[in-house]
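Reader: I would like to learn how to read the features of a model with care, one at a time. Could we work through an example together?

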Amino acid sequence: MKLLAADIDNTLTGDRAAYQRLALLLSANRNVTIAYVTGRDKVQTFEIMTAECLSEPQYALCNVGTEIYVGSDYRRDGAWTRYIDHGWDRLEVQEALITIPYLFQQSRQFEFKQSYHLFQKADIVIAEIHKRLEEIGIEHKVLYSSGTDLDVIPKRAGKGEAVDYVRKRLRIRRKNVLAAGDSGNDIGLLSAGFLAVVVGNHKLELSTDNLPDDVYWARERYAGGIIEGIQHFDFL
Ligand code: GLC
Ligand code: MG
C-alpha cells in the first residue's frame, strides 16, 4: 500500500492535460491511496475538485493540515482535532496580533487556522508574531506562502503532520508516501521524511536551503511534475 499526498493549487491543478495523464496512471494502480493536502477549507476544496474535474480522494486534508476528512462521506476525524487542540486558542491569537502593521486579516477564519495577507516586511512581521504568541504561551506555527498568505496554526498541526497521522493509521511506511507541492505551506509536507517532489512551477520560497537534500526537483510543471516524481522514485 502506498500513499500519494498532493497539494491541490498549482500542483494538481494548472495543466489539465497533465492531470488527466496522472489520473489515468493512478487509476491503473489500485494500491495507491490518495490524499489531497491543501490550504483550502472543505467547501473550497470541493469547489476546486468540481471545477477542475479532480477525482475524489480517500482523504481530504484541509486548512493546511488542521482538518482531516476521511471516507466516502468525508467525515471529520475528531481524534486529530483533539490532538492538535493543544495550547491553542484562536481568539487569543487574533487579539494578540491585531495591532501588527502590514498584517491584513483574511475574510474567513477557522477554529485552528488564523490567516492573513502579508505583502511586505515578512521577516520582521513573522518575528513579531512569534514574539507575541510566545509571550502569551500559545504553541503555534507560522506558514508563509506565495509572498501573500500567512497562516497561524497550532504547533501540532500542519500538512506534514496530518499526512504522517494518516499514513500511520494506514500502516504505510514513510518511504511509501510520495508528497508533492509547490509553495510555502508545503514545506512541512516536503520535509516530513516522505519521498518528496517539488513541481517545476514552484514558488521562489521553496529552495534547497529550506528543503531536505533528497527532495526531487521536477523539471515538468504542475501535475506533469508529479508524474516525473513518480518515475524518478519508481513509486508505482
Ligand atoms: C489557501 C487558503 C488561505 C491560506 C492559503 C495558504 O489559499 O484559502 O486561507 O492562507 O491557502 O495556506
Ligand atoms: Mg499549491
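Reader: How many of the 11 residues of helix 7 (residues 159–169) are buried?

Author: This is a predicted model, in which local features need pLDDT of at least 70 and side-chain atom pairs count only at pLDDT 80 or more, while totals for chains, interfaces and linings use all residues. Residues are numbered from 1 along each chain as its sequence is written, chains are lettered from A and ligands numbered from 1 in the order in which they are written, and side-chain values use heavy atoms, with hydrogens and water left out. Helices (H or I, at least four residues) and strands (E, at least two) are DSSP runs, numbered from the N terminus; buried means under 20% relative accessible area, exposed over 50%, and partly exposed in between, with a 1.4 Å probe and protein chains only. By that reading helix 7 is mostly covered, with eight of its 11 residues buried. Arg171, which follows helix 7, has a positive phi, near 55 degrees.

Reader: Which residues of helix 6 are buried, and on what part of the helix do they fall?

Author: The buried residues in helix 6 are Ala122, Val125, Ile126, Ile129, Arg132 and Leu133. Their arc, taken from the directions from the helix axis to the C-beta atoms, is within 130 degrees, so they line one face of helix 6. Asp123, Ile124, Glu134 and Glu135 are exposed on the other side. Contact means heavy atoms within 4.5 Å, and what covers the buried residues includes helix 5 (90–97), strand 8 (140–145) and strand 9 (149–154). As for length, the expected span of a helix is 1.5 Å times one less than its number of residues; helix 6 (residues 122–135), with 14 residues, reaches 20 Å from its first C-alpha to its last, close to the 20 Å expected.

Reader: Which residues are buried in helix 2, and what covers them?

Author: In helix 2 (residues 16–27), the buried residues are Ala18, Tyr19, Leu22 and Leu26. These cover an arc of only 100 degrees around the axis, which puts them on the same side of helix 2. Their cover includes strand 1 (2–6), helix 1, strand 2 (32–37) and helix 9 (222–233).

Reader: What coordinates the magnesium ion (ligand 2)?

Author: Donors are N, O and S atoms within 2.8 Å of the metal (3.2 Å for Na, K and Ca), and since water is not among the atoms, sites may look incomplete. Here Asp7 (OD), Asp9 (O) and Asp182 (OD) coordinate the magnesium ion at 2.1 to 2.3 Å, with the spacing D-x1-D-x172-D along the chain. Distant parts of the chain are linked in this way, for Asp9 in helix 1 (residues 8–12) and Asp182 in the loop between strand 10 (177–181) and helix 8 (187–190) are 173 residues apart. Asp9 counts as partly exposed because its relative accessibility is 26%, whereas Asp182, at 2%, counts as buried.

Reader: Which residues lie nearest the centre of the largest pocket?

Author: On a 1 Å grid over the protein atoms alone, a pocket is an open set of points with protein on both sides within 12 Å along at least five of seven lines, and lining residues have an atom within 4 Å of a point. Gly39, Arg40, Gln106, Asp149 and Asn185 lie nearest the centre of the largest pocket, which is lined by 24 residues. Helix 1 and strand 9 each supply at least two residues of that lining.

Key. 1 Å grid on protein atoms, 1.4 Å probe; cavity = no way out; pocket = protein on both sides within 12 Å on 5 of 7 lines; lining within 4 Å.
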